[in-house]
Each structure stands twice: as structure tokens, then as C-alpha cells.
Amino acid sequence: MNREQLASHQPLRIFDELIFENIVDDLVSKGFSIQENGLPEFITDALLTRQRWIADEEYKKAGIGRSFNYQKAEEIRGDEICWITGSTPEGPLWLDWCAAMQNYINRSLFMGLFSFESHFACYEPGKFYKRHVDAFKGQGNRVLSLVAYLNDDWKSEDGGELVLYADSEDLIGTRVLPKIGTFVVFLSEDFPHEVLPAARTRHSVAGWFRVNGSVNDNLDPPR
């Protein structure tokens, strides 16, 4: 599907929920779900189309922290990011699919997921993201993390694995090769993780489902 077709395409409202059921089962049993080749082909195609059209100037150096605590720290993470909105033909399809996942998980697990944000991430050869958590217990409203991969013909020797650790004491972890169509969902507060350096440019989409932390009309996250 090209960009012109996507532009006139009405986003699908009904998705195959079998993959969502698999995610729910995994979240209940182990707190994370690794779905190799689980990303629907039409979602992969849409994300690849958008990723290939992103101009260099649209990517920004990623940092750590939010709002007033934000800072760039290339010794910790070296990726460049481009936030996903509904302003491009491909964005709504991805966001609709993630919304369908959010609704299914809420119906099944009563997690109270309220919103979703995501961005493209590009790691040039040798770049990495050191071990971290997406949300500290009791201090954030990111509760469920999602990472999807867009890398054709990715082999083990290319590196760039996501390493998902069971807890702060785990030194081995579970490695996920960033092959196209693979995606991972995990509890944001519970699983430290890192991105290992890769031998070639590595593309992914990272996203977070959040609960509503707005208080007294102060939006969370701050904009």
C-alpha cells in the first residue's frame, strides 16, 4: 500500500484479537510478551512506509527524563527519535491498532490504560541504550511498554538485541533480536532493559500505555 492509498484509506476499526489474547496470557503468566512475526503485515507496511519518508531533520537526539528534568545523555542512550502523530497517512492506522490493543487489555486485565504515545527510534551502528526502566515504581504513569521492530534480514551477528531483565538482580536477561515483524510488550515498572550496540542501522518503534495522572487540570504528561 503506497502513501496515496493510505491517505484515502479509512483506518480499520476491527482487528484480529487473537494476538491481543496471546499478549494478555503472557502478561498474566510472566509480565512480558515476545511476539515473533506477530505484527500484522499491514501495520508493518504502514510503519515502514512512514519510516522511509522521515527526513533526517525530523529525527531528534533522544534524551532522558521529562519536562524540566529532560537532558541529553549520549553516554546512556544514543538513538534518534521521531514522534508518531495522526498527521501522516500511516500514523492513524498504527495508533488505531494500539488503541485496539489497549481496549482489549483493559477489558481483560482492568489495567486502566488511558493513553498511548510512541516514536520511531533509529540507532546508528555502535549506538546503544544502557540498562534502565521505563517507569519507577510509584513515580510514573507509564505502565505498559511496547517495542516493535522494522529491520529486514536481521541476523544474530548484526547485534542490537533488546535485553529484558527479570529484575534488578538478573544479569543474564532474555534477548530479543530486532527482526522485522517482532514486537515486545512488558510491564514498564517491572523489567529493566537495554539495547545492545548493533553492527548496522537499527529501526524500531517504541511506545507506552499510560494511566491518567492528571490532577487539578494539569495534564500528564506535560506538553
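Tutor: Let's start with a term: a nonpolar core is a set of buried Ala, Val, Leu, Ile, Met, Phe, Trp, Tyr and Cys residues joined through side-chain atoms within 4.5 Å. Buried means under 20% relative accessible area, exposed over 50%, and partly exposed in between (1.4 Å probe, protein chains only). This is a predicted model, in which local features need pLDDT of at least 70, side-chain atom pairs count only at pLDDT 80 or more, and totals for chains, interfaces and linings use all residues. Residues are numbered from 1 along each chain as its sequence is written, and side-chain values use heavy atoms, with hydrogens and water left out.

Student: How many helices and strands does the protein chain have?

Tutor: Helices (H or I, at least four residues) and strands (E, at least two) are DSSP runs, numbered from the N terminus. Counted that way, the protein chain comes to 4 helices and 11 strands.

Student: Which element gives the most residues to the largest nonpolar core?

Tutor: That core has 36 residues, and F20, W94, W97, M101, F120 and F183 have the most contacts inside it. Elements that give two or more residues include helix 2 (18-30), helix 3 (41-53), strand 4 (115-123) and strand 6. The most, 8 residues, comes from helix 4.

Student: Which residue of strand 11 stands opposite A148?

Tutor: Two strands pair if DSSP finds at least two bridges between them. Strand 6 and strand 11 (residues 202-210) run antiparallel, joined by 7 bridges. Strand 6 also pairs with strand 9 (residues 183-187) in the antiparallel sense over 5 bridges, with L144 opposite L187. In strand 11, the residue opposite A148 is V205.

Student: Is Q51 buried or exposed, and what is its relative accessible area?

Tutor: Q51 is found in helix 3. Leaving out residues up to four places away in sequence, Q51 touches Y59, F120, L150 and H203. Q51 is buried, with a relative accessible area of 12%.

Technical notes: Contact means heavy atoms within 4.5 Å.
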